[in-house]
2 protein chains.
Amino acid sequence: MFYHELNSKIDYTRSNLRWNAWGANDQDFGRKAQMPEILDLLKREFQMEAIRETPAVELENIDLPKSKLSPSDLKSLGSIVGKNNLKVDRFERVFHSAGKSYYDVLRLHTNKLKSFVDGVVYPQKDSEIIKILEYCSKNKITIIPFGGGSSVVGGLEVIKGKGQKAVLSLDTTRMVDLVSFDPISLTATFQAGIYGPKLEYGLNLKGYTLGHFPQSFEYSTLGGWVAARSAGQQSNRYGKIEEIISSVKLISPSGVVETLRAPAASIGPDWNQIVAGSEGLLGIITEVTVKIHKIPETRKYFGLVFPEMRSSLNFIRKANHAEIKTSMLRLSDASETRLYEYLGQLGKKNTPLRILKNLIQNAVLKWKGLGEGKCVVLVGLDGSRLEVARSFEALKPLWKKAGALYAGEKLGQSWIHGRFNMPYLRNHIMQFGMGVDTMETSTTYDRLEDLHQAGLAALETSIPGSRAMCHLSHSYHDGACLYYTILFPMDEKKPEEQWFKMKRKVSDTFAAHKAPISHHHGVGFDHKSWYQNTLGKVGVEGLNGLKKVLDKKEILNPGKLFHS
Amino acid sequence: MFYHELNSKIDYTRSNLRWNAWGANDQDFGRKAQMPEILDLLKREFQMEAIRETPAVELENIDLPKSKLSPSDLKSLGSIVGKNNLKVDRFERVFHSAGKSYYDVLRLHTNKLKSFVDGVVYPQKDSEIIKILEYCSKNKITIIPFGGGSSVVGGLEVIKGKGQKAVLSLDTTRMVDLVSFDPISLTATFQAGIYGPKLEYGLNLKGYTLGHFPQSFEYSTLGGWVAARSAGQQSNRYGKIEEIISSVKLISPSGVVETLRAPAASIGPDWNQIVAGSEGLLGIITEVTVKIHKIPETRKYFGLVFPEMRSSLNFIRKANHAEIKTSMLRLSDASETRLYEYLGQLGKKNTPLRILKNLIQNAVLKWKGLGEGKCVVLVGLDGSRLEVARSFEALKPLWKKAGALYAGEKLGQSWIHGRFNMPYLRNHIMQFGMGVDTMETSTTYDRLEDLHQAGLAALETSIPGSRAMCHLSHSYHDGACLYYTILFPMDEKKPEEQWFKMKRKVSDTFAAHKAPISHHHGVGFDHKSWYQNTLGKVGVEGLNGLKKVLDKKEILNPGKLFHS
């Protein structure tokens, strides 16, 4: 069922992928034809005099220093993985030296990135990884594990460990085997370098789904999901990745930690939950056993329009507390709702009939009390026909009581259709002087409304003239995440400082509200100081104590997360 | 709803509790009147010539060494917690020197326990705990954290750390405050020393439940649940304790780790899941925020009789995979079913009418194919009337297809009534030369049947003439737990060695099946070697690396779990 809309045919050959933007060379924003209209909107919205072209520098103009890997390193590493799986060319080195955050892409566009990996290895087997870790530990080479390379928190920032001489990217994407499959217990074990669509497609062919669809799905890997505690868009049904994993295999320089394939246990601190979120600091995740599900019989995705934020938040809370089965409850705040409304109009001709239809629609909404502040909630239901029908019926009194209007399945279908599309929009607008970034956190229901407002205020005051909006894409028994997007005209002279200021202000706001610095993006380099401050000295040092046992020479992704 | 059957009035004054058996002095086995019949059954079943009286030694005859706490220690510790909250008397020292495992109780009964704590502190505040940890770190005093004292895995074994001079029990049960209550997000924060019934009763008065009812419920604490990864009898609905916690506060000798109250996050390894299962080795758990639920509108607990193990296992697996909401699916294997059947008959007079009724009942069962191998599954449903009815209807075709017979709600009610009763039976039979112990593990569905058999065989061959039985009390998407009970005539001369042999054999069997050494009892001292062998050297050393940061002097519960 799912595979129809997933691009299981993506060619992940490295040279086919964009080194400074999202996606593959042959993929693009679904509404590319409407880019002039979009730019026009942005110009009006941000009161810009003119749209400014800000083309990215070409790959050959990136200031790439000489690789610090010696001929002897190259020989040794090449003999481990095979010569063809060791890369030192310009494309591979630059491609592996940054993630996909606004800050990463900005620096690539403007030739401001300062640090680059000195080479890339593509192992295929655990035994090769063991040898690589051994060689690099002995020879003072930093290793940055690399899956899909989609980190948006500086998880791939090239930081050389103290006293180390070179940095090697360890790309796991040749490790793609289905290791074992258990249709009785509904689990499957994969090598961790497999990309989302390949994993999902493989399961779909057998009648199963993982149900894990993060926004980065097309360009992220199983190992990356686990390393960064990824959340899929249907997490209400399938859980965050840390709930999906049944066991993991981690290869550290000191040896292997492999957890038991057991549904639950009482055997000390949970190593699955130590490996999940370890962001490459403790070892290379090489295998993951995941819980799988039969492909649901049917699905129903639909929109609801609420008068304002509070009533829609209450709806989501009550739906969770009533334990109604949903796959997704995705609330767009008033600003995001307006943006999607606009995008929905794009490319449609303003015939008199259409204008009339819009007028009537708006009049009805106003009459129902659904004006400027209105918020859309997208509800996703997957399951048997009976389950879906029952969830729908159970939700109905909740949304009616909240004064919401049923807005039909078209909205849901259009969301499904465009679910992986948004990152491609950034590829375009960054070429025209526009910046866009996302920040996310989570908190308990009692604090959601305050934090929502505080986050928006922090963002918009940090970049005067910017527009911030927010959605709530994952909800739980006790709270939900808040996912912010900020759009702004790039500062012409100091775009990096503009970004720093914004990042600092919103992160300080999360911290002041005792909210985590991330719900599913991770910590990496960008969030390190807020993470460490909220966790506290003992927590940080404890994890470093653990790391020092697994990674004695501290070669694994140093300078990030809990490592200073 | 729940509190009617829970003893919220238990007086936990230490001297009111049994130091060498389960429960308080004024509590007893519900069927005490039938003990002669039970002993008679045991005699027949185990082909014993006569029931042998094995009374326990009296407290005053326990060989208790002199406390190694110096007058200066006593003065200092007394000044931290208040003189009245520092105890060195015989009762307190013995009470705190063992848990409630068969091995612990056996040694207390026979005056074979060798190591005792030198004193007990009862702090009430975090600030007192900080001072105690500081004093003991400086003065080489081992600390064994103590909640309800219900460990059955040697979690309270008195082991003095290397180079340390005395052992102090840190009893948390004066720490019982409700710290905060959030009816919006449905969470509550308690001090961790609160006992199950007090916590549950407090919530019930407000209309809420935690829903966490381990077998030890009456005599275990919130902090103990978290430290040992406890599972409640309704875990299908409410989750194991590690899923129930939202945040924790851990006080280590190096300082505090307090996790954020957030529904989910992507901020490195999950400290909640490091603290859960830490069994007192990393710090004292002083506060826990838990997810709470409205008391369900109704419940329906009923029995099903299956022809044999395989069909009942399949039923449980399919109910999980169909995501039918249940609170409990509790399968007793054929042996356990027969025992419960017998216990159910106790105290009922054999009138001619009753004999006829039994004959007819047995004939019907046989005609349905439900003979000697039959297994009972107790199904627990909690929720709204609609939910309960729907779950019942959804389960029906599954049990019918499996050839099971609906056995009515009486069975369910009698289980609810006796849910906390079984540990009291041991108090009696150990006075008559009978041993009883429990072991538990978990595995994936594909391996359940094999492991079930292998576990039974290991137990019964380890003690010739014993009877082993098993139930499956917690089930999941990918597997379930197996909980064994073994009954045996105590070896007259070497009862400890008899127990060692049994423990070794069944634990080796779990390990050979790559099953964890515990599903919810924990590791403690008794399971240490199997735990460490299955986790492996790197995993064990990694956790010790973490411990060494938090507990530099290694004063916290040394020699257990991952600590050697």
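**Two interfaces in one predicted model**

The centres of domain 1 of chain A and domain 2 of chain A sit 32 Å apart, taken over C-alpha atoms. Domain 1 covers 178–294 and domain 2 covers 298–419; the bounds come from an automatic or database domain assignment.

Ground rules next. This is a predicted model, where local features need pLDDT of at least 70 and side-chain atom pairs count only at pLDDT 80 or more, while totals for chains, interfaces and linings use all residues. Residues are numbered from 1 along each chain as its sequence is written, chains are lettered from A and ligands numbered from 1 in the order in which they are written, and side-chain values use heavy atoms, with hydrogens and water left out.

Start inside chain A. Seven residues of domain 1 and ten residues of domain 2 make the contact, meaning heavy atoms within 4.5 Å. The two domains bury about 740 Å² between them, and carbon and sulfur atoms give 32% of it. Buried area here is the accessible area (1.4 Å probe) that two parts lose on being put together, summed over both.

The term means a side-chain nitrogen of Lys or Arg within 4 Å of a carboxyl oxygen of Asp or Glu. Polar contacts are there: eight residue pairs, both at pLDDT 80 or more. That rule takes a pair of N or O atoms within 3.5 Å; within protein, one must be able to donate a hydrogen and the other to accept it, and residues adjacent in sequence count only if both atoms are side-chain atoms. The domain 1 side has one nonpolar, five polar and one charged residue. For these classes, Ala, Val, Leu, Ile, Met, Phe, Trp, Tyr, Cys and Pro are nonpolar, Asp, Glu, Lys and Arg are charged, and the others, Gly among them, are polar.

Now chain A against chain B. Each chain puts 78 residues into the contact. The buried area is about 6000 Å², 62% of it from carbon and sulfur atoms. A:Pro263, A:Ser266 and A:Val538 supply 11% of what chain A buries, more than any other three residues. Four salt bridges cross this interface. One pair is A:Arg261 and B:Asp446, at 3.2 Å from N to O. Helix α20 (residues 537–550) gives the largest share of the chain A side, nine residues. Helices (H or I, at least four residues) and strands (E, at least two) are DSSP runs, numbered from the N terminus. By class, the chain A side holds 33 nonpolar, 27 polar and 18 charged residues.

Last, the salt bridges overall. A:Arg385 pairs with A:Glu297, with the closest N and O atoms 3.3 Å apart. A:Arg385 lies in helix α14 (residues 385–401) and A:Glu297 in the loop between β11 (293–294) and β12 (298–306), so the pair ties together parts 88 residues apart in sequence.
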